[in-house]
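Subject: Structure handover

Hello,

The structure for your set-up work is below. Notes on what was found in it follow.

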Protein chains: 4
Amino acid sequence: MSKVIKGGTIVTADLIYDADVLVENGRIAEIGKDLKGDEVLDATGCYVMPGGIDPHTHMEMPFMGTYSTDDFESGTRAALSGGTTMVVDFALPQPGQGLLDAIQMWDNKSTRANCDYSFHMAITWWGEQVFNEMKDATERGINTFKHFMAYKGALMVNDDELFASFQRVKELGGIPLVHAENGDVVADLQQKYLSEGNNGPEAHAYSRPPEVEGEAANRAIMIADMAGVPLYIVHVSCEQAHEAIRRARMQGKRVWGEPLIQHLTLDESEYFDKDWDHAARRVMSPPFRNKQHQDSLWNGLASGSLSVVATDHCAFTTDQKRYGVGDFTKIPNGTGGLEDRMPMLWTYGVGTGRLTMQEFVAVTSTNIAKILNIYPRKGAILEGADADIVVWDPAKEKTISAKTQQSAIDYNVFEGKHVKGLPRFTLTRGKVAVHDGEIRTEEGHGEFVKRPPNGPVNKALSTWKELTAPRKVERTGIPASGV
Amino acid sequence: MSKVIKGGTIVTADLIYDADVLVENGRIAEIGKDLKGDEVLDATGCYVMPGGIDPHTHMEMPFMGTYSTDDFESGTRAALSGGTTMVVDFALPQPGQGLLDAIQMWDNKSTRANCDYSFHMAITWWGEQVFNEMKDATERGINTFKHFMAYKGALMVNDDELFASFQRVKELGGIPLVHAENGDVVADLQQKYLSEGNNGPEAHAYSRPPEVEGEAANRAIMIADMAGVPLYIVHVSCEQAHEAIRRARMQGKRVWGEPLIQHLTLDESEYFDKDWDHAARRVMSPPFRNKQHQDSLWNGLASGSLSVVATDHCAFTTDQKRYGVGDFTKIPNGTGGLEDRMPMLWTYGVGTGRLTMQEFVAVTSTNIAKILNIYPRKGAILEGADADIVVWDPAKEKTISAKTQQSAIDYNVFEGKHVKGLPRFTLTRGKVAVHDGEIRTEEGHGEFVKRPPNGPVNKALSTWKELTAPRKVERTGIPASGV
Amino acid sequence: MSKVIKGGTIVTADLIYDADVLVENGRIAEIGKDLKGDEVLDATGCYVMPGGIDPHTHMEMPFMGTYSTDDFESGTRAALSGGTTMVVDFALPQPGQGLLDAIQMWDNKSTRANCDYSFHMAITWWGEQVFNEMKDATERGINTFKHFMAYKGALMVNDDELFASFQRVKELGGIPLVHAENGDVVADLQQKYLSEGNNGPEAHAYSRPPEVEGEAANRAIMIADMAGVPLYIVHVSCEQAHEAIRRARMQGKRVWGEPLIQHLTLDESEYFDKDWDHAARRVMSPPFRNKQHQDSLWNGLASGSLSVVATDHCAFTTDQKRYGVGDFTKIPNGTGGLEDRMPMLWTYGVGTGRLTMQEFVAVTSTNIAKILNIYPRKGAILEGADADIVVWDPAKEKTISAKTQQSAIDYNVFEGKHVKGLPRFTLTRGKVAVHDGEIRTEEGHGEFVKRPPNGPVNKALSTWKELTAPRKVERTGIPASGV
Amino acid sequence: MSKVIKGGTIVTADLIYDADVLVENGRIAEIGKDLKGDEVLDATGCYVMPGGIDPHTHMEMPFMGTYSTDDFESGTRAALSGGTTMVVDFALPQPGQGLLDAIQMWDNKSTRANCDYSFHMAITWWGEQVFNEMKDATERGINTFKHFMAYKGALMVNDDELFASFQRVKELGGIPLVHAENGDVVADLQQKYLSEGNNGPEAHAYSRPPEVEGEAANRAIMIADMAGVPLYIVHVSCEQAHEAIRRARMQGKRVWGEPLIQHLTLDESEYFDKDWDHAARRVMSPPFRNKQHQDSLWNGLASGSLSVVATDHCAFTTDQKRYGVGDFTKIPNGTGGLEDRMPMLWTYGVGTGRLTMQEFVAVTSTNIAKILNIYPRKGAILEGADADIVVWDPAKEKTISAKTQQSAIDYNVFEGKHVKGLPRFTLTRGKVAVHDGEIRTEEGHGEFVKRPPNGPVNKALSTWKELTAPRKVERTGIPASGV
Ligand SMILES: [Zn+2]
Ligand SMILES: [Zn+2]
Ligand SMILES: [Zn+2]
Ligand SMILES: [Zn+2]
Ligand SMILES: [Zn+2]
Ligand SMILES: [Zn+2]
Ligand SMILES: [Zn+2]
Ligand SMILES: [Zn+2]
């Protein structure tokens, strides 16, 4: 059954124009004037945009002995409700566990997804098995490999392992991702604050200052440069990390930075709230920063030194957060955001003039699709592309509240924020999952999206690195005497 | 008569895919597989890309008592020969002359153009007439206003005038352009070197050091920021100006920088050539810089801190250059480049891996069209777009030489450079102007391209500036006593 | 009659040690243990430091039709009361007035000074007379030449004049000073805000944003570099200007920056006070900035990118400030600070650990003396140096108040600030002007301090500039043919 | 027997004046006019300066199975010959060896020293014994603790150990030093190049690119900031590390950088010499860099972002260097320089105008003495200071050659460099060790110089860190409900 989105204005990363969109068999069949279809979706007064892609989520993630509460069902339902039509989750092997094993676990969990999804492969330890299975993972359609520079004793890998893995990623034509915080220093600062009796959620922020993030970002950039591979830095929260990225880019290095909607709109004062629950619910890594850091992130999006906006959606309930009463290091790290990313960014970005509409589409969808090498199947309003579409009503308003959300958790870090700009319809591969406020998701509708290696930036960088590689000096009669 | 470009790979600023292109009535009628048309252009093994746009040319320009040698006929013929399908020239009023008068003069000259063109309006003096006619110019389809911070006593305007004009441009929804060099300092340095007997072409470079350009760029950025208008800086030649642009962009300011293909590939050693003619032929402003500056420019293109590549094509013959024997200040400023911009950038950019193919299209065409607010009519391979297309053969090679060029001048600053990657066909609004090495241009085929004001960046910036404008403090009983 | 300062700890820009100081005939006769003299000044528990030098004051300055209220008598009395033993004022010619005439006027005013003083020579217009009299001024002991880049229509000089003057200063072995704000833009912004009804003191700040200061600083640096002369930038108030200075210094340029104690400790919120008088009394140029700018300035002092702390003391009474009711552009620009500079900097700098004691001495006295080329006659505790000494009691406290101050004005911008660290004794050329809270100044005691040209930095810079000057390319048979 | 240095001009870090210097009992007894003594040293036409201090030498150092060839006798003889009167060597424990043991070994070796010396304590492993003995080392007069971020598997410590050690150094009032290179990445690059057959000395440079140094410097700065301790970075060779230092300093962090005379004057082209010996003799870590890096270092000295000039003197003979034929990783790391540091810096710094004479004294002696907390006993020409004096003849010239040097090695990396400016006399604690070209050193004359902790910068920084430490949020009834 075909559908036609009628009367709207198409907004993409570089175009604004009036046209209807005909959807058939999960794809965009035609874009044009006066199109007809079996079902009409009235887009009058709306912008028809590529559905959002969130490149950074953790559904049902095992962490510190518990699981994040949103699973692939509720999580993707929350996503669709807010206009996001694809998520990329992280397949996380336990130390010692094989990559294929981990992928299998994530395959199992993701069968319930309401929208399309993909996985980043986490490299949480190093060994011959990991080295070998990275190739298998690539063949299964994973071209991104995540590395944790923090979470010492758990997920963290050291510089040696980073460099080995980055070199392997380069061979495979993939892109390394890093969670950039100096895990050694964080671990020591945690103990220092705890030992001083500083055990509340605010000490979580104290133990992960911007300097610690900036340092790790800078280090990862150097290691990627030595390996000759592009780099993607997740959840860039502060000027220090952003500065490292800008410095790299101005030297021609290929580095992308991903701020989160939370860091763009919430600040460190949340941790100083007198209500322990309030503060603990905002505990994530990196923590929220001050207004100067927020300005830095917004400016990065406008100027292109930062490329995409994500959420790191990893939702723990208040009960789970309370594991950390009396010891902030036991508060599960993570906040929600998947449902609110698009309206929050629209309201605080497009609504204020910090971003154009095209830039909004770029950072929520198109840039991500390009970096992940799935453009234009995803991230585009083009004939032949997947019909992952959001029909955005710029006049629709609401006040965010946990009471009315799709996410399974019992609070919302954006509680009380007023947003203007919300989906009228969200389509996932042609299926209308959100219909004018009504949720019509279908569990299991979502499919895994394979992502091929060797994107254009990888190829260009490899050419340049080969061209400028150091050359051996040819000598005869070594050693020769004389100075 | 329709034409179909068959068997090629379409490369745009964000896509690479195999498809045929059907051209009818000067536009792209269809993109798809197995298209048919009256005439077939075989694109096998080629990239089908948006024709180049050169945003910075001077055809038949009056300068220092002479005219640049390439007029709209030979200039656009040279452009098409190298894959460029649109040029933007500068309508230059004499001091005291009205803007409409100047436009009329440029209208007259441009009737002979072989490809489409547009004009930037130069603001070379300030007064009520200029203020008023800026609106007329806007209504005629000119949304960019050029300001010279150098050429003291001729084209230069001072800060007062810059600020007044930038504010006017903001009202009109346009974009100011600047030639950024401190004209006061340049004029004094010229006299200093001349008086020291330093009268050769190398002293042209000495009198316009990078510091002088960087300063002016920085100043223009501040003035545009105060006026609340985006800014476009032409011929960014050095790290100092690029640094000012990066610094502005990292603060969220909307500034674009335009390096020239000459500065990207030629360096200051040209001026030290023992042959006076060799050196004088390379005299342009800003002058060529050293390798460090070149690296800075290339890195800016890759990272997005610089946006477009132009030529400032302004060709003077050797005879004209010799006006300046014994006094470098009398050497007409300008070099050619229009014919070689695309193959040189491809060879030194894409060929080395410094740029991806998509980035090549972006900086030679698409980004320019967007900034000039004529996208996607120009700069795109999309149905409905003007059929300004280059069919690029990556295997085609040549050695650049004045002997075989289209340009009317008697030398070529790239003489002897070997390029790989050249047009097989160039289409201007559907007409095949270059056919496999044969020039088939048609004098007068080119049309003026109107460019509307109020592009998306203008609108977003105005919103943000209004939102953050300083507010009056409300007081009562002024003055009140007490500290 | 000799005096001995007994029992104190000498603190200089690089030393801390216990010793007595014998003062005879206005000079330091001996430093050592167990010295004897006719009069004993008990320095037990105190630091014996070089008296402060304020390189930036305006006594009885004509401005906007009035005179600043502190004259050389009350001003230097205030200075001594706060531990400052020398001031450098600005001899300001009216446009068209000769330099020697202006010096004569300042000579007349300064006969009443209680402590030593010197003059900077202001270059407020350009012409042959000015060019010639700059040499006379140098011979009279003035090696610093001040230039206003703001105050359009009054004191402001343009780039042409700046460059001419800087080159002249270079020849004379002097140092140019600049008040760095873009006067064209300020004048236009003033009119803009006034015309919008924004006529209160806060609009003074709005019309002089940090960008306008940073731009001018950057421009002055470039012009000084072209002239081959060091540069001193007065009242650096913001990160933008500081950034320009750091950027220059990192390129080996010889540039010094002078923050004011006001900008280090007061912020822009003062202008938002509901009391018009409160706000107007803080009107000075540049205006106060926000906390981020303050941090930048403090960090500059600690790291050495900023060199000295001054006051720009230019005190107008509340009645004078009220000239500007209804039109902020008529509020006389200037605030006091001379009396409070040393205790405020000690309290907020040394007291917090932002500065060491040695750095305190350096930035309040020694660095200034070196830059002004009067070290070690001033700025030192050395045998043979002038006995300009402050005996600093780190335990002495007070709350700053206009009620108890020496300055002639009726308020104090630091009103209510609590300081810890105050003079026990202040000696001006051996005379005890402050004796344990009692003022014993002597009108007319102060003498003019001649300052010779050609300091070491001038000489080194000239050597380097000569060594790296561009060289003429030797050619024969010009023009030769061929490319 | 007293000595008087007559007729010279005293040059210190901040003064230039004519005076005689009387030396008695190893100290400066008097400075003044017309002094008399038993022996007269004619300083006519000369500058009398504090003897040089080299803060970075390795005498008779065990490395890769051999010992560096200059021991405390020949090394300090070379030092004195070039005007350096004190060296600071590194006491290096083997992994597992106690600190006191290592100090004992260095005590034994240093008994032969011809001039005064001190030790930095190297922290080459971490454990309770190290933690405890750091206090003992402090009590023995060592306030600086060196950490190697490179030499993996040998001297290198990881981030965890760095942070623990830096915190311990902070408690003790000392200063951590770092050799900043990412040892993990270096080790891997070494293997990579070797495995590619790139086994010559140039691959030593390839495996230690500037990025690797800059990263480690940046990391050490962050860790020191977290520990609240100042930081000293040895052998800063490149812009990347210098940039990290500048960035830290502009944020108020207390970081000092030490370039070497080799990096200031020699460049990477040395490694491309066709003569293997020539290249191998220049192998040191970090390796020589290109001209842009040199400019950066010189500018840092002039602007104060870099503080001192050292040598890392660690001399291996050609025979020792040849251990690495066929495998560059086996070439002993190190070059000489102790004898030539002062004349080379004078010639290329003061002689060119890049540095003033006062800056020369500061960076070769006074700044070092201040940082090491032995000023003014060392680094000063003041009454009471140790008579470590160089009488510098600015007219004396020579061409550097291994044939005429004091150092025990068989070559000189500065071979053939012409220097102008050499010692006429060098005095070590009053003893004339160099007398007009004649060497009169006395083995064993040198003494260990104790250096107390808690210098002024340490104290100020601790105050600031305490003042700005994060504070616990006081809460009641945790956890409270509600968001
Ligand atoms: Zn993370
Ligand atoms: Zn995550
Ligand atoms: Zn131009
Ligand atoms: Zn031009
Ligand atoms: Zn001023
Ligand atoms: Zn002033
Ligand atoms: Zn080392
Ligand atoms: Zn060393």
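Two strands count as paired if DSSP finds at least two bridges between them; strands (E, at least two residues) and helices (H or I, at least four) are DSSP runs numbered from the N terminus. This is a predicted model, in which local features need pLDDT of at least 70 and side-chain atom pairs count only at pLDDT 80 or more, while totals for chains, interfaces and linings use all residues. Residues are numbered from 1 along each chain as its sequence is written, chains are lettered from A and ligands numbered from 1 in the order written, and side-chain values use heavy atoms, with hydrogens and water left out.

Chain A, strands. β17 (residues 389-399) pairs with β18 (residues 418-428) in the antiparallel sense over 8 bridges, and A:D393 has A:L422 as its bridge partner. β17 of chain A also pairs with β7 (residues 47-50), again antiparallel, over 4 bridges; there A:P50 stands opposite A:I389.

Chain A, zinc. The protein donors (N, O and S atoms within 2.8 Å of the metal, or 3.2 Å for Na, K and Ca; water is not among the atoms, so sites may look incomplete) of the zinc ion (ligand 1) are A:H179 (ND1) and A:H235 (NE2), 2.1 to 2.2 Å from it. A:H179 lies in β14 (residues 175-179) and A:H235 in the loop between β15 (231-233) and α8 (239-250), so the pair ties together parts 56 residues apart in sequence. The zinc ion (ligand 2) is 3.5 Å from the zinc ion (ligand 1).

Chain D. Here an open sheet of 4 strands runs β5-β4-β1-β6 with mixed pairing. β5 (27-32) and β6 (39-42) of chain D are at the edges with a single partner strand each, so one side of each has no neighbour in the sheet.

Regards
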